[in-house]
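Here is a short report for a first look at this structure. Start with the display, then read on.

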Amino acid sequence: MAETYDFPSDLLAGQEELHQVRAELLALLKRLPWSVEPMEGISDNHGWRKVELPASPGWTADEQAEVEKLRERERELAVFVTCHRFWAEVTGAERVDARMHLKHVREAEEGRPS
């Protein structure tokens, strides 16, 4: 990431929102039961490691809707960021570096190592 890029504000905002939506989705999925549908517990010690999962009550309709809403927004933002007109201004060889730089703009602004 030797070069600095003059990213348009809408691209920066889209990337930042994409980070936020992905963090929200990950946090939600960690809180939810392991199975979308109600399932009995699993206990399997025949593989290379033992697997134990408690019974899952499944996800409520509201939880399913929230996950789908976040996934849909994530897809929209990913398309927006990857198809943004800015990328046409960057040559092929620099495009990967610019994309990596965009992903880490927030850390660079906060002074954290990327």
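Is Val-105 buried or exposed?

## Val-105

The model is predicted. In it, Val-105 has 14% relative accessibility. Buried means under 20%, so Val-105 counts as buried.

Val-105 sits in helix H4, which covers residues 105–110. Neighbours within four places in sequence aside, Val-105 contacts Phe-7 and Leu-12. Gln-15 is 90 residues away from Val-105 in sequence. In space, their C-alpha atoms are 9.2 Å apart.

## Two nonpolar cores

Val-105 belongs to the largest nonpolar core, which has ten residues. Tyr-5, Phe-7 and Leu-11 are among them.

Another core, of nine residues, lies apart from the largest one. Its members include Leu-18, Leu-28, Leu-32 and Leu-70. In soluble globular proteins, nonpolar side chains tend to be buried together.

## A nonpolar surface patch

Some nonpolar residues lie on the surface. Trp-34, Met-39, Ile-42 and Leu-53 form a patch there. Together they have about 310 Å² of accessible area.

Ile-42 is found in strand S1, residues 42–44. Its relative accessibility is 32%, so Ile-42 counts as partly exposed. Val-105, at 14%, counts as buried.

Methods:
Residues numbered from 1 in each chain as written. Predicted model: local features only at pLDDT ≥ 70, side-chain atom pairs only at ≥ 80, totals over all residues. Heavy atoms only, no water. Core = buried A, V, L, I, M, F, W, Y, C linked by side-chain atoms within 4.5 Å. Buried < 20%, exposed > 50% of the residue type's maximum accessible area, 1.4 Å probe, protein only. Patch = residues over 30% accessible without salt bridge, like charges linked within 9 Å, V, L, I, M, F, W, Y side chains within 5 Å. Areas by Shrake-Rupley, 256 points an atom, 1.4 Å probe, with all protein chains shown as cover. Salt bridge = Lys/Arg side-chain N within 4 Å of Asp/Glu carboxyl O. Helix = DSSP H or I, 4+ residues; strand = E, 2+ residues; numbered from the N terminus. Contact = heavy atoms within 4.5 Å.
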